[in-house]
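I opened the model to look up a few points on confidence, a loop and a helix. My notes are below.

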Amino acid sequence: MTKHTPGKWEVIESHALGLPYSIISGEDYFPLSIARVNVRHSDKEAQANARLIAAAPELLEACKMADIIFNQRNVNLPKSERITKEQAINAICAAISKAEG
């Protein structure tokens, strides 16, 4: 399976090609454009869509953490890699907050 572009994804106002928002990965000196969001009904909807896309890596990581906790996979991990329920909940809350703005 191909992995997604790593790093923190963020929303910027771009107005490139008539599309008001871009999602970029800002890990490098030269940010990589992940996606561009069009306005369908309203600018607020476009902003919300852009935030949701930009939160995708954090949402995926939070889901993986929840999977480990809920399916009791922590016991198979080395002690240094184990996570707590609190860590998983914090990651979930942070990812939701980023997605919702």
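The entries cover confidence, then the loop, then the helix.

Basis. I worked from a predicted model, in which local features need pLDDT of at least 70 and side-chain atom pairs count only at pLDDT 80 or more, while totals for chains, interfaces and linings use all residues. Residues are numbered from 1 along each chain as its sequence is written, and side-chain values use heavy atoms, with hydrogens and water left out.

Confidence. I looked up pLDDT, the predictor's confidence in each residue, from 0 to 100. The protein has a mean of 87, with 93% of its residues at 70 or more. Strand E1 (residues 9-16) is lowest at a mean of 82, and helix H3 (residues 85-100) highest at 93. Helices (H or I, at least four residues) and strands (E, at least two) are DSSP runs, numbered from the N terminus.

Loop. I checked Gln72, found between helix H2 (56-70) and H3. Gln72 has a positive phi of about 55° without being a glycine, and is exposed at a relative accessible area of 63%. Asn74, in the loop between H2 and H3, is buried at 16%. Buried is under 20% relative accessible area, exposed over 50%, partly exposed in between (1.4 Å probe, protein chains only). Not counting residues up to four places away in sequence, Asn74 touches Ile68, Ile69, Arg82 and Ile83; contact means heavy atoms within 4.5 Å.

Helix. In H3, I found Ala88, Ala95 and Ala99 buried. What covers the buried residues of H3 includes helix H1 (43-54) and H2. The face turned away from the buried side of H3 carries exposed Glu86 and Glu100. Gly101 follows H3, with a positive phi near 85°.
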